[in-house]
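Notebook open, viewer up. I'll jot down what I look up as I go, strands to begin with.

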Protein chains: 2
Amino acid sequence: MAFDFPLRDLYAGEIADPVGDLFLALNTPGLVSFAGGMPDAALFDAEPLRAAFDHVLAHDGRRALQYGTSEGDPGLRAVAAARVSRHVPTTVDQIQITSGSQEAIYLTALVLLNPGDVILVEEPTYLAAVQAFALVGARMVGVPTDDGGVLPDALAAAIAEHRPRAVYLVPSYQNPTGRTMPPERRRAVAEVLLRTGVALVEDDPYGELGFDGPTPAPIAALDGMAERTLLLNSLSKVMAPGVRLGWVRGQGRVLKALTVAKGAVTMQSPALNQLAVAHYLTHHDLDAHIDAVRVRYRERRDAMAAGLRDVLPSGAEVTRPEGGMFCWVRLGGGIDTRALLATAVRHGVAFAPGWSFFANDPDLSTMRLSFVTNPPETIAEGLRRLAAALAEQAVAYPVGVA
Amino acid sequence: MAFDFPLRDLYAGEIADPVGDLFLALNTPGLVSFAGGMPDAALFDAEPLRAAFDHVLAHDGRRALQYGTSEGDPGLRAVAAARVSRHVPTTVDQIQITSGSQEAIYLTALVLLNPGDVILVEEPTYLAAVQAFALVGARMVGVPTDDGGVLPDALAAAIAEHRPRAVYLVPSYQNPTGRTMPPERRRAVAEVLLRTGVALVEDDPYGELGFDGPTPAPIAALDGMAERTLLLNSLSKVMAPGVRLGWVRGQGRVLKALTVAKGAVTMQSPALNQLAVAHYLTHHDLDAHIDAVRVRYRERRDAMAAGLRDVLPSGAEVTRPEGGMFCWVRLGGGIDTRALLATAVRHGVAFAPGWSFFANDPDLSTMRLSFVTNPPETIAEGLRRLAAALAEQAVAYPVGVA
């Protein structure tokens, strides 16, 4: 009889892998994937990044290949502090380097939350944050949202009812909905947090990817909010995910706790990657690169928004994001997008089913589609395949489509 | 009044940072550090590693800079499986890539242990494992050891008393003691685990660094043990820590749980690092490199062992490791090595005080000294400084020293 390896209670049933499912396309040649939040690799600033790694290994190889410190390389922390300071005055010692914003979310949960503690999240929210909060044994409570993000009155009510330790928000071009919280909503949310004394975890990986005008400043930039916010940034969406680097802006004891926890979780992020990226950010104009990427992503947003209107059944709702990477669709009509995904993959297209983006009561008819991974013609092909999958699932179609 | 950021109960008091303290030397020019388990950067196989990163960024840059999968790059998993198969037959799908063995230890704790569950450890044990187990809320129980490692009868008694979920062992050139468990002791330990049905977490970052003959095979290689063991390896000690790569050998549901947990903690290890290291391991002879490093480390072990005999007060005990990186000293006589460290740093030398290597009752008079970071002449200088520090702490000296 095979040994029954002991697992914690969390894994008593079937072990779901919603994060892994997003990367399905990596193992499936020919699939058009709208599933992962994967930047288009063709747009990476590859040659300068190659030069940066080579420069560091040639001139600073011993340091690059050695252990570093858990808080991160001082050079990269300085560059990060300068970037964050565009919105929130930040010193080098207020930056903790992380392995992408995923580790930032996880470490944040790990240092804030005892098992059973409540964290409030948007409904829907980022699925890998849901996974991270579940792993530390937290209790997630979803707060209702509209097109402007979380509703301040609902937030205040949830705080009164659940006494949360913190609120986790993605205010700009949210994952999964693509929605952005306008400035006045940000002020209203900050007012609630200031009044109730609840801490904020502000996840901002997409803020630099606005298509239709300037992105509102982070909530952390509002009066009184810096000291009660952990502000999370990532280089994955604006530079390259494959280096796995991001950072947290915080201060005081909570930042010290993050550093100590980081030491026990991954010891430190790779010195090589940190030195090379610091070199790249010092000698190249990432902003100009982002400007160029943004133009391409806007075309793709337009292509997907226009295409979805033709493909979706009447009654379906879709967000029209002003930045970021995602459209969010609600099909309604009792459709389960998990079943639809299986059909879609047979037709050669993938998306992220919506169920795993909900803290509490999932709307099974929802799905997230990334528009950044593929050029417009591939988006069009993927949507044709999606239409075929929807037809096979016997979804009612508007006249003139399928 | 400053905002009091909420932290989990673990951080209610002063936030100690024993892992961070090991890397003190990185910020202190001129310090001779025996503190961290830092390989000598002068011995890194730097030029071939540089070539491997450049090759991958030049020929496979889009994949290297993109997201990968949480289980790891198939090429690196294949190389890892081949290396592990030298001892334990292993297929590619039995390998989970991690960001060094620190993440492997942490993820292992995360998937095995509910808060309050017991894990047995050697007394003393690896300090960053203690940190990891504490972070998941586990209860650690230390099992007595002798020069051959954990005592089988004591292990059986602890299992009967504490009903642990797993046992964490570092059988080869243990951190912090440098001790190695002989083959017959490994068989006796396996017999206890097979009889009691307790799972094993076998941490083996040093097994390839034997100086005085072949290293005994891992416990996982013994009859019946593979399926009930998670076997952890790291490239940090034999190649370079700065790439942050290691792996876990496991199978079945526990491996699936590790992959899913990894997705929520760091999403995945950097694709770039994985592809480059897989390229390096495929095209270069790591074993030959390790052979060369081992010769140098043996000289250093000899230098430190000889030097310590002259420096330590009579009554002090010191291990004589047959491999790995560390000597372990017990000064005795009521000395607190935390106070001694402060004195030592003023004299320009650092070590790791022993208190943080104990799960339960620390012996405050212990300390760990790494002999691999520095060449013999620097070791000699560091030991002179340590002697001065000991003299200042008014330790009784043998005639002829100080």
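Predicted model: local features only at pLDDT ≥ 70, side-chain atom pairs only at ≥ 80, totals over all residues.

I started at a strand pair: D203(A) has L232(A) in β9(A) as its bridge partner. Residues are numbered from 1 along each chain as its sequence is written, while chains are lettered from A and ligands numbered from 1 in the order in which they are written.

Strand β9 of chain A covers residues 229-234 and runs parallel to β8(A), with four bridges joining them. For pairing, DSSP has to find at least two bridges between two strands. Helices (H or I, at least four residues) and strands (E, at least two) are DSSP runs, numbered from the N terminus.

On β8(A) I also looked up strand β7 (residues 166-169) of chain A, which pairs with β8(A) in the parallel sense over four bridges. There, A166(A) has A199(A) as its bridge partner in β8(A). I traced the chain from β7(A) through helix α8 (residues 183-196) of chain A to β8(A), and this β-α-β crossover is right-handed. That label applies if, with the strands pointing away from the viewer, the path from the first strand over the helix to the second runs clockwise.

Is β8(A) buried or exposed? Five of the five residues of this strand (199-203) are buried, so β8(A) is largely enclosed by the rest of the structure. My cut-offs: buried is 20 or more other C-beta atoms within 10 Å of a residue's own, exposed is 12 or fewer, and partly exposed is in between, with C-beta atoms placed from the backbone. In a regular strand the side chains alternate between the two faces of the sheet. Here A199(A), V201(A) and D203(A) point one way, L200(A) and E202(A) the other way, and all are buried.

I checked two non-glycine residues with positive phi. R163(A) has a phi of about 45° and sits in the loop between α7 (152-162) and β7 of chain A. R163(A) is exposed, because 11 other C-beta atoms lie within 10 Å.

Y173(A) has a positive phi of about 50° and lies in the loop between β7 and α8 of chain A. Y173(A) is buried, with 26 other C-beta atoms within 10 Å.

**Entry: cis peptides in chain B**

I found a cis peptide bond joining E123(B) and P124(B), with omega about 5°. P124(B) is in the loop between β3 (118-122) and α6 of chain B. Another cis peptide bond joins N175(B) and P176(B), omega about 20°. P176(B) is in the loop between β7 (166-169) and α8 (183-196) of chain B.

**Entry: whole chain A**

I zoomed out. Chain A has 13 helices and 15 strands, and buried residues make up 58% of its 402 residues. A compact globule with 402 residues would have a radius of gyration near 21 Å, and chain A has 21 Å, which agrees. That radius is taken over C-alpha atoms, and the globule rule is 2.2 Å times the number of residues to the power 0.38.

**Entry: domains of chain A**

Chain A is divided into domain 1 (11-44 + 288-392) and domain 2 (46-283); the bounds come from an automatic or database domain assignment. Their C-alpha centres lie 24 Å apart. I get 26 residues of domain 1 in contact with 31 residues of domain 2 in chain A, where contact is C-beta atoms, placed from the backbone, within 7 Å.

Which element gives the most to the domain 1 side? α11(A) does, with five residues. By class, that side has 14 nonpolar, seven polar and five charged residues. Ala, Val, Leu, Ile, Met, Phe, Trp, Tyr, Cys and Pro count as nonpolar, Asp, Glu, Lys and Arg as charged, and the others, Gly among them, as polar.

**Entry: chain B against chain A**

The contact takes 78 residues from chain B and 78 residues from chain A. On the chain B side, α9(B) gives the most, with 10 residues. That side of chain B divides into 46 nonpolar, 19 polar and 13 charged residues.

Methods. Contact = placed C-beta atoms within 7 Å.
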